[in-house]
Amino acid sequence: MTDQPTPDSSIAFQGEPGAYSHLACRNAYPGMQPLPCATFEDTFAAVREGRARYAMIPIDNSVAGRVADVHHLMPYAGLHIIAEHFERISHHLLAVPGATLATIKSVKSHVHALGQCRNLIRELGLKVIVGTDTAGAAAELAERQDPTMAAIASELAAEAYGLVSLKAGIEDAEHNTTRFVVLAREALEPNPNQPCVTTFVFRVRNVAAALYKALGGFATNGINMTRLESYMVGGEFAATQFYADVEGHPTQRNLRLALEELDFFSHEVRILGVYPRHPFRMKQQGGGQ
């Protein structure tokens, strides 16, 4: 009899088995059991309710940009970011055993995956069918066993559903990478002497030049802000929330002073997590990107 995975050894992700979030779980935490969840809300709840230790959540992609809904949901999930993970996205053209490039006439996948593989789709003259996600398209293909249909998904999806890869690495952009954050119930206390990232959300006061003044402290204190995004909250055009990543630890004097200045010009500043900086960031900086 096989032992069932315990909640403490499980990591939740949104999507079907074989999704890129599943692949990220396996690569970042090979000793943990991935737990598929239907929605991002379900993924957060799995950790919050103790059914999983961590949640692997995609934040943005180097080609497609921000992952929809995550920024709205994460500040209210009751969880803390404890790590980040960068996953190189390698798309595969999957088909049922026996199918070939000559037999396939259509391809199904998530809209972003289809958009990331335009060159091959155009080259093969395939009819495009938009699906809800990459792994779901692979699962449907496996069920239909249609040699005229293909799916764009991960190599893990091929393994999960008994499909074959007709062509690997079919994405147009070689830099196609998704950044994930890992969330847990308890906050992490990383060593402030090691490279760290601090993620927070804030809403500035409704006064002239509030954003300029709020961010001035980061410039004067030499803080590198690697991400700043705005989005509406509560359906109000005047109620804008900002999501930011900065390099540094809040206990370090320069970041502490910058956050104090931000707080002065903001209605609310909420730190979502302080965590070690992933080596991928250093690799990009070293390459001059």
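Me: What counts as a contact, and what share of the contacts in the chain with a separation of 6 or more comes from residues 24 or more positions apart?

Reply: A contact means heavy atoms within 4.5 Å. In this chain, residues 24 or more positions apart account for 74% of the contacts with a separation of 6 or more. The model is predicted, so local features need pLDDT of at least 70 and side-chain atom pairs count only at pLDDT 80 or more, while totals for chains, interfaces and linings use all residues. Residues are numbered from 1 along each chain as its sequence is written, and side-chain values use heavy atoms, with hydrogens and water left out.

Me: How many helices and strands are there in the chain?

Reply: Helices (H or I, at least four residues) and strands (E, at least two) are DSSP runs, numbered from the N terminus. The chain has 10 helices and 15 strands.

Me: What radius of gyration does the chain have, and what would a compact globule have?

Reply: The radius is taken over C-alpha atoms, and the globule rule is 2.2 Å times the number of residues to the power 0.38. For 289 residues the rule gives a value near 19 Å; the chain has 21 Å, which agrees. Along its principal axes, the C-alpha trace spans about 65 × 50 × 40 Å.

Me: What percentage of the residues count as buried, and which have the most contacts inside the largest nonpolar core?

Reply: Buried means under 20% relative accessible area, exposed over 50%, and partly exposed in between (1.4 Å probe, protein chains only). Of the 289 residues, 48% count as buried. A nonpolar core is a set of buried Ala, Val, Leu, Ile, Met, Phe, Trp, Tyr and Cys residues joined through side-chain atoms within 4.5 Å. The largest such core has 25 residues, and those with the most contacts inside it are Phe 44, Ile 57, Met 74, Ile 81, Leu 183 and Tyr 243. Elements that each supply at least two residues of this core include helix H2 (40-48), strand S3 (54-61) and strand S11 (177-184). The largest share, 4 residues, comes from H2.

Me: Where is His 110 found, and which residues does His 110 touch, not counting those up to four places away in sequence?

Reply: His 110 belongs to strand S7 (residues 106-110) and counts as partly exposed because its relative accessibility is 25%. With that exclusion, His 110 touches Gly 131, Thr 132, Asp 133 and Thr 134. His 110 and Asp 133 are 23 residues apart in sequence, yet 4.4 Å apart in space, C-alpha to C-alpha.

Me: Where does Gln 145 lie?

Reply: Gln 145 lies in the loop between helix H6 (134-144) and strand S9 (149-153). Its phi is near 55°, a positive value in a residue other than glycine.
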